[in-house]
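Please look over the model first.

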Amino acid sequence: MAIQNVGSSIQPLDTSLLLRLYEQMETIRQFEEQAGKEFAAGKIPGFVHLYAGEEAVAVGVCAHLTDEDFITSHHRGHGHCIAKGVDIREMVAELLGREAGSCRGKGGSMHIADVHKGMLGANGIVGGGYPLAVGAGLTARANGKGQVAVCFFGDGASNQGTFHEGLNLAGIWKLPVVFVAENNGYAETTPVTYHMSCRDIADRAAGYGMPGITVDGLDVLAVYEAAGEAIVRARRGEGPSLVECKTYRYYGHFEGDTTTYRTKDELAFYRGRDPILGLRRFMVDRTLATEQDLDAINQRVQERIADAWQFAEASPLPAPEETLTDVYVKYP
Amino acid sequence: MAVAIRQLTYAQAINEAMRLEMRRDPRIILMGEDVAGGAGVINFESEDSWGGVLGVTKGLVQEFGRNRVLDTPITEAGYIGAAVGAAATGLRPIAELMFVDFFGVCFDQIFDQGAKLRYMFGGKASCPLVIRTMIGAGMGAAAQHSGCHYSVFTHMPGIKTVIPSTPADAKGLLTAAIRDDDLVVVFENKMLYAMTGEVPEGEYIIPLGKADIKREGTDVTIVAISRMVHQALAAAEELQAAGISAEIVDPRTLSPLDEETILNSVAKTHRLVIVDEDNPRCSAATDISALVADKAFTELDAPIKMVTAPHTPVPFSPPLEQFYIPSPERIVATVQELMG
């Protein structure tokens, strides 16, 4: 793999930033592990696709964004929501189909969104997000305030036709859009070595006249640096980029997937390169934080997740008649 | 205040609606294949060449510039989806899908993204997007450039469907569509572009969901859609000569549908014929039929009849294409059969 391991070159090291990245990754991890447990216990209806293992990508990218910036996501969208600042109480309520949910119980895990935070939705259609991100890029350009749109997509989605159409449009119009590939090695059960006709997704950027880079998606600092360059470029009006992050999902494509298509050794290999433990080691080794500091963060996160579940479980379910609202703004 | 009225073509009326609305609201952008034409041609940036494949958007780029009148590549999923994304984030795009038949390559962006977005997000977002698209047989454009297909869109929650049949309706309905906060698809019949009619000057809005009685009558209600309004008007003249008085109802929008006007007309005439150029299965015609059978069955003195295109694609050769399109003669024959 042609991975550029650039993260450790960030100087000077900004401890408060590192602590923020750590806390967000830990929040996503605990959120997802709790969601996995609750799904297994039968509390969450429908499908759940967990982001655990891929935290460094959402967090490393979204650290550069504000509420004014836009992101589009995919099936595995909880991590993007958290990294973009969506309220986790409302997120859990949404997973449980409650009235207090981010989407008032109408979207669920696969359509979780918060447009006021610039989060334009998880997406149940693989490859559905590229054109939407291009449209958000058009809005950003029209507003002239230096906003950007980030499109997160998986390796499987890079084979959809909308990949070509979206990247070409962003390329010809030089829109402030950053395409972030989360290459976790599998499109459902199918390995990237089978489903993709080139080695790296970033190779495809050349076809759209935009820079493409492949980074270690398990290294939050590598992601942070590469995404930062692409986002600065976009904000300056220099056009789109493609950042490919090689990553790994710890759980199946969806909860309930027995993952028979991959080995225990492979999972153990990636668990050994855990992005959160990696950042932890990085900080402790350089005495930027102590084990106790980081344990305190973990404890705080645990309390927030417990609080979010308590809030969501106490929230009422929507009235059945709510089925009929929100189709249109106005329908006579 | 008297509103000045003058003659415009259907195409000019559509152009005028866009021009006035784009002057009013800077968030409105127009995008589509060759909606200006010639984008990127050196020293051509303030000019337009085609103004759309049939010239409907001609002149808009001169007034609004290339940042608001965007020529797109031939990439329907890309730019229709981008229009959805732009609408969800604050712009108010008008996207032109050249021929409705092309919905096949971008329907995910219309119905899975645009139409469902507000609902999936619990009412916390909206998609104020207009898709303008050409429909209709009669030009020898064959199976992939001649369909109607508004029934498919009408079936989908989250989409409004508009089917103007006259120049004035085209201006008033398109203006309402542009000001609407939902996803509205406006189906422009290419056979009507050259048709002239009286159109009010200045701001002119026809609310969505209001049918129009294009001709009053007492013996039979003919609900006719888009260009079929004119086929029905021609049939009504013939029927009049035979002593039959036909009332012609133009629904003007299929979603929402003005049920009341249709039901009131049937309550008056006690007979119903629906004329629809779209394919007949699971269609606007069957939908209106079901509505009347459900809500006005006891008003009917005869079975409901549909005069529609056959269950085939649109054929090319002129005699075949003419066979395909519901004709005044077929409408007359159907009404006469109903009258016994």
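## Secondary structure

Helices here are DSSP runs of H or I with at least four residues, and strands are runs of E with at least two. On that basis, chain A holds 11 helices and seven strands. The model is predicted.

Chain B has 11 helices as well. Its strands number 14.

## Overall dimensions

Chain A has 332 residues, for which a compact globule would have a radius of gyration near 20 Å. The computed value for chain A is 19 Å, so the chain agrees with that expectation. Along the principal axes, the C-alpha atoms of chain A fill a box of roughly 55 × 50 × 40 Å.

Chain B has 340 residues, and the globule rule again gives a radius near 20 Å. The value for chain B is 20 Å, which agrees. The C-alpha box of chain B, taken along the principal axes, is roughly 65 × 50 × 45 Å.

## Burial

What share of chain A is buried? Buried residues make up 54% of its 332 residues. In chain B, the buried share is 56% of 340 residues. A residue counts as buried when 20 or more other C-beta atoms lie within 10 Å of its own.

## Contacts along the sequence

Take the contacts in chain A between residues at least 6 apart in sequence. Of these, 75% join residues at least 24 apart.

For chain B, consider contacts with a separation of 6 or more. Residues 24 or more positions apart account for 77% of them.

Conventions:
Residues are numbered from 1 along each chain as its sequence is written. Chains are lettered from A and ligands numbered from 1 in the order in which they are written. This is a predicted model: local features need pLDDT of at least 70, side-chain atom pairs count only at pLDDT 80 or more; totals for chains, interfaces and linings use all residues. The radius of gyration is taken over C-alpha atoms; the globule rule is 2.2 Å times the number of residues to the power 0.38. A residue is buried if 20 or more other C-beta atoms lie within 10 Å of its own, exposed if 12 or fewer, and partly exposed in between; C-beta atoms are placed from the backbone. Two residues are in contact if their C-beta atoms, placed from the backbone, lie within 7 Å.
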